[in-house]
Amino acid sequence: MALRCCVMHGTRLDTARIRAARRAIDPVFLDTSLYRCEALEPGLGCTVSIKLETANPVRSFKGRGTELVVGLLADNGSQSVVCASAGNLGQALAWSGRARGLDVTVVASRFATPAKLDRIRALGAKLELVDGDHELARERAAAIAHYDGIRLLEDSLDIETCEGAATIGLELVDVDTVPSFDTVLIALGGGALATGVGHVLKDCAPEVEVICVQPLGAPAMTHSWRQRRVVTTDSTDTIADGVAGRRPIPAVLDDLLLVADDAVLVQEASIIAGMRMLLDHAGLVVEPSAALGIAAILEDRDRFAGRHVVTIVCGSNVDVDAYRRWVGTAPARGLEDCPRLRGDHPVPYPKALAVDGTPPPARGTRTPASYTRQSRRNTPACAGNTPCRRSRVARETEHPRLRGEHVCPSR
Ligand SMILES: Cc1ncc(COP(=O)(O)O)c(C=O)c1O
């Protein structure tokens with residue numbers, strides 16, 4: 001795609017700074033693969049290219065932003081940094097901080113994906129767990145920064161996290177070997193990824209449609225985008241832990257309003273079907289947040305028919321057992337095997353799952369504590385990022401390494 005950047009006015013981001021950022025980011029995170037994945041196309045009904053952000057030491061795109069942050073901190077002589085994380089930012093910050101001798105503290109929900117917490121520890125960061133969800137972790141990280149006088153890294157608010165992610169956008173528009181695309185699907189959480197990539201696309205390729213995707217079970221930012229004001233929610237209920245925020249940041253929403261053409265919500269069953277398709281047809285193990293783009297296509301094939309869509313595969317940090325159970329419940333092919341998603345069958349699909357992806361017990365057997373059918377139809381039980389009682393039961397028994405961890409009581 002030919003490059004013709006103009007100056008994108010209005011967002012907090014700056015395209016020249018994003019170009020310069022590439023020099024500060026470890027090359028291991030840059031110039032990731034962008035390729036057409038023909039094997040996905042019969043099941044999706046459109047041309048599909050993948051931007052692959054998982055083949056790096058932290059298995060997500062977050063390293064692009066933390067490299068920028070930590071580079072600046074090291075230049076300023078800072079010794080310490082703290083962040084709240086659902087798991088991927090924390091890993092990335094731990095990785096970048098370790099390389100520059102920084103003390104990194106990560107605050108996370110004790111219900112976060114254990115594999116992510118393990119990796120944060122393994123990378124040498126101090127991990128503090130809160131007895132609540134990601135929003136409580138954000139509050140706790142801010143308190144630590146305040147009382148210890150150390151730098152707080154706030155994902156999506158700190159411009160480096162957005163401009164680091166925005167380098168993905170540059171790689172999309174700078175490449176001229178790839179056939180032209182007309183739509184980019186972006187997982188939407190706090191908004192660093194969407195505002196970053198969206199800013200570059202609107203600046204350099206404004207005809208490309210930027211579509212953000214969130215789970216129905218964590219819709220705060222999408223509702224905010226649609227209503228053009230911050231909308232918060234009381235809880236989240238999704239397996240896509242990387243995007244499960246409840247309190248959008250006003251400045252990030254302002255940017256998103258300038259760069260996103262649409263924001264859509266998808267069902268849990270579609271996310272799981274997307275994960276399964278990426279495994280079956282692209283050979284990719286992805287975490288739920290990274291399947292949101294495929295889920296959006298599955299739910300609205302007519303919208304994407306005939307288009308060339310890029311989806312950013314943005315993370316692959318999964319608990320292997322839960323992943324196996326999730327993809328084991330999805331149809332082996334596309335939606336042609338899934339009557340409910342095809343819209344002509346009232347039966348919930350897939351069946352409700354336990355928090356760790358365990359399918360429901362056979363009729364007549366005793367219901368284990370970890371399995372609770374959701375009151376909301378068609379939705380697997382919460383993945384644990386919501387501090388509900390059932391997730392606590394399952395996680396305490398199944399993840400002993402969480403026991404004995406320092407946990408801050410909920411307020
Ligand atoms: C795998 C993955 N996808 C998507 C997102 C959402 O990104 P953002 O919070 O920048 O919107 C995250 C956030 O951590 C993530 O880890």
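**A walk across the sheet**

Before going on, a word on the model: it is predicted, so local features need pLDDT of at least 70, side-chain atom pairs count only at pLDDT 80 or more, and totals for chains, interfaces and linings use all residues. Residues are numbered from 1 along each chain as its sequence is written.

Our pair sits where strand S8 (residues 209–215) meets S9, two strands that run parallel and are joined by 5 bridges. When I say strands pair, I mean that DSSP finds at least two bridges between them. Strands (E, at least two residues) and helices (H or I, at least four) are DSSP runs, numbered from the N terminus.

Now the whole sheet. It is open, has 6 strands with mixed pairing, and its order is S1-S2-S10-S7-S8-S9. Strand S1 (34–36) and strand S9 (262–266) are the edges, each pairing on one side only.

Let's move to the S1 end. S1 and S2 are antiparallel, with 3 bridges, and Leu34 has Lys51 of S2 as its bridge partner. S2 and strand S10 (residues 308–313) run parallel and share 6 bridges; there, Val48 is partnered by Val309 in S10.

So how enclosed is strand S2? Strand S2 (residues 47–52) has 6 of its 6 residues buried, so it is largely enclosed by the rest of the structure. Buried means that 20 or more other C-beta atoms, placed from the backbone, lie within 10 Å of the residue's own. In a regular strand, side chains alternate between the two faces of the sheet. Here, Thr47, Ser49 and Lys51 point one way, while Val48, Ile50 and Leu52 point the other.

Next, the core. The largest nonpolar core has 117 residues, and Val184 is among those with the most contacts inside it. Such a core is a set of buried Ala, Val, Leu, Ile, Met, Phe, Trp, Tyr and Cys residues joined through C-beta atoms within 7 Å. Helix H7 (residues 159–174) gives the most to this core, 8 residues.

Last stop, the ligand. Which residues come nearest to it? Of the 23 around it, they are Asn88, Gly189, Ala192, Gly242 and Gly315; to be near, a residue's C-beta atom, placed from the backbone, must lie within 6 Å. Helix H4 (88–99) and helix H8 (192–204) each supply at least two residues of that shell, and H8 has the largest share, with 3 residues.

How values were computed. Buried ≥ 20, exposed ≤ 12 C-beta atoms within 10 Å, placed from the backbone.
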